[in-house]
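This briefing is for a reader meeting the structure for the first time. Please look through the sequence and the model before reading on.

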Amino acid sequence: MSIIKMQRVAVIGLDTEKEKLMNQLMDFGAVELTDQSGKLSEEIWADNTSVDEDREKVSAIEAKLNRAEQSLEVIEKYGDIKHPLFKTRRSVKKSQMGRMLADENANEKNVDYILGLNEKIHSLNEKLNKLNQDAASLNPWVNYDPPLEITGTGTTALFTGVLPAGADTEGLSAHLEEEIGTVLFKVVGSDKDMFYTAVLTPEERQDDVLAELKQSGFSQVTFKGMTGTVSENLKRIEGEKDVLEKEIKETADEIAATAGMKNGIEEYSDILSIDLDKEKIRAKLLKTRKTFFIEGWVPERCIPEASAILDENGCYYTFRDPLDDEEVPVLMENTKMVVPFEAVTEMYSLPAYYGFDPTRIFALFYAVFFGMMLSDAGYGILMAVGCFVALKKFDLEGMTYKMVKMFFYCGISTTIWGALFGGWFGDIVPVFTRTFLGKEVAVSPLWFNPLDDPMKLLILSLALGVVHIFIGMGIKAYMQIKEGKWLDAICDEGFWYVTIIGLIAWLGGGTISDSLTTVGMYMSIIGGAGLLLTGGRHNKGFGKITGGLSNIYNITSYMSDILSYARLLALGLATGVIAQVVNTMGTLFGGGIGGLIALTIIFLFGHTLNLAINALGAFIHASRLQYVEFFGKFYEDGGEPFDPFRRKTKYIKLED
């Protein structure tokens, strides 16, 4: 399994058959149509064709779709709707499309009704906000007794205003009386920012009083449209607020009662999405008065079915291989067991079309590395069972399905490694039996305990790292040989194989046999000489020598990559140590009922936290080992995903 081969298809057909053809291609779902508007820069195309699009129709459908989506958001906001752990699409038979289309008008009326109620709530809330603002502006004046509509008498002027909190109100009052004469200046309220004041003055001296006040930072306040006292207005506002709040609640309840319309509106929204895609795709087509022209990509294996559709619609068409300078979409194909690990590849970047899809190769390594780093059978069982239940209970799709299925496999790997290392929620079995039963029951590892023999785990980690890196180098050599670059495969990869294997045998072979050390030394010398002599073969003059020296220096990079796999040891030990610490803390309260309750609480909290943190760490570092140490040896990224013209739905899954 690998990257699926693509063929370029070009089609000319009659405009009268276009609608039927586009519907069949959408049902077929295996042809990616490409934008042809770029051809209009060529005179021959510009003179004879134009883009086949109807922007007004697209805008109209988009407007309907936006309203449908808004109505669903309103139902979600006010309706009592329970959400599952994973959001999935409902399965609907394609035979029910007729019913959904027949319900279109009814659903559109439901959308209008729901949005009308929502608009009513917005209007009521605006009124409520205005009342709240009025109340907030009146509260500081609660001790102001005169009716608000009174601004004076025939001979006096009465006005209100505010002064900064730092103003000297007593001094200002005395100053006004001294300068103006008969002036009544009163502070009716205050807060940390303002003094709220009322001023009564002879009408003919009103301007003089205002001028004096403004020198102290006075700003006049008016109560336009209000009559009666402040207390009366506050009471009126509270009454109006109660009425509005009741009306808002009643309207919200009306919206909540529309929850039964949700499924129908979701179907309506998806139908609009399909219609919108059908209209938007026309912008990628060129047309004449009676014909149309399309181009796109189709998987090579789907050519027979695609040809049958085109023949049925009387089209003229051709298929051809991709050109070297064309950007070909990428569609990966892997076995059912491997597909979940495509999530790791996709999170990095799809391989280039002419590159290599390594998913089927690194999948096993990923699960093994994850299991070694989490390395507790109890955690592995919880993870595997949880993912298994999610897969059975929910109809998961896309990236969510891949991630959950991948963690299911990683949970199985964790269980195996945990059993090999003797980790069952740390050492909870001996701790529990020793504390509460008075006799320790030990659970022996099937292989060894990394906490007792960390060097064995370190050697295992580095050995797996060497194999992992060697496979990456092997893929690079395969790609070079496939391109006819045999010499590059030998010089760039072959000599590194000899050098690294030689160094490992030279440095560590003595534990097995002295002769292995000698063989390793000669292999290192031969490999190093090969790297030195061939590293600069593509350079000229003195560059041939410096290129070889630079090539030899890369040994530090390979050693660094191999040592990176020590993280398998580090994270594996961290999981085990933290688990044991949690268990030890749980026994600090001794035996008995109280101790059992304390152990249970600490066990649940501590192991949940340990599982979450170290599962996240295992996921990140297992991915890093693929992205940096493995992909770095051969991976060519930058592929664009294959995106065929098909029925894309958000809420329902159409099934044959």
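The model is predicted. Its largest pocket has a volume of about 650 Å³, and a nonpolar surface patch covers about 610 Å².

**The largest pocket**

- The lining of the largest pocket is made up of 24 residues.
- Nearest the centre of this pocket lie L331, E346, G398, K402 and R646.
- Two or more lining residues come from each of the elements α11 (342–348) and α14 (398–421).
- The most is given by α14, which supplies four residues to the lining.
- Sorted by class, the lining holds eleven charged, ten nonpolar and three polar residues.

**The nonpolar surface patch**

- The residues that make the patch are I381, V385, F388, V389, W424, V429, V441 and V443.
- Helix α13 (residues 377–393) gives the most to the patch, with four residues.
- W424, one of the patch residues, is found in the loop between α14 and α15 (428–437).
- W424 has a relative accessible area of 32%, so W424 counts as partly exposed, a class that lies between 20% and 50%.

**Residue L654**

- L654 is part of strand β12 (residues 652–655).
- L654 counts as buried because its relative accessible area is 17%, and buried means under 20%.
- Along the sequence, L654 and M261 are 393 residues apart; in space, they are 20 Å apart, C-alpha to C-alpha.

Note on methods: Residues numbered from 1 in each chain as written. Predicted model: local features only at pLDDT ≥ 70, side-chain atom pairs only at ≥ 80, totals over all residues. Heavy atoms only, no water. 1 Å grid on protein atoms, 1.4 Å probe; cavity = no way out; pocket = protein on both sides within 12 Å on 5 of 7 lines; lining within 4 Å. Points joined across faces, edges and corners; volume = space filled by probe spheres on them. Nonpolar A, V, L, I, M, F, W, Y, C, P; charged D, E, K, R; others polar. Patch = residues over 30% accessible without salt bridge, like charges linked within 9 Å, V, L, I, M, F, W, Y side chains within 5 Å. Areas by Shrake-Rupley, 256 points an atom, 1.4 Å probe, with all protein chains shown as cover. Salt bridge = Lys/Arg side-chain N within 4 Å of Asp/Glu carboxyl O. Buried < 20%, exposed > 50% of the residue type's maximum accessible area, 1.4 Å probe, protein only.
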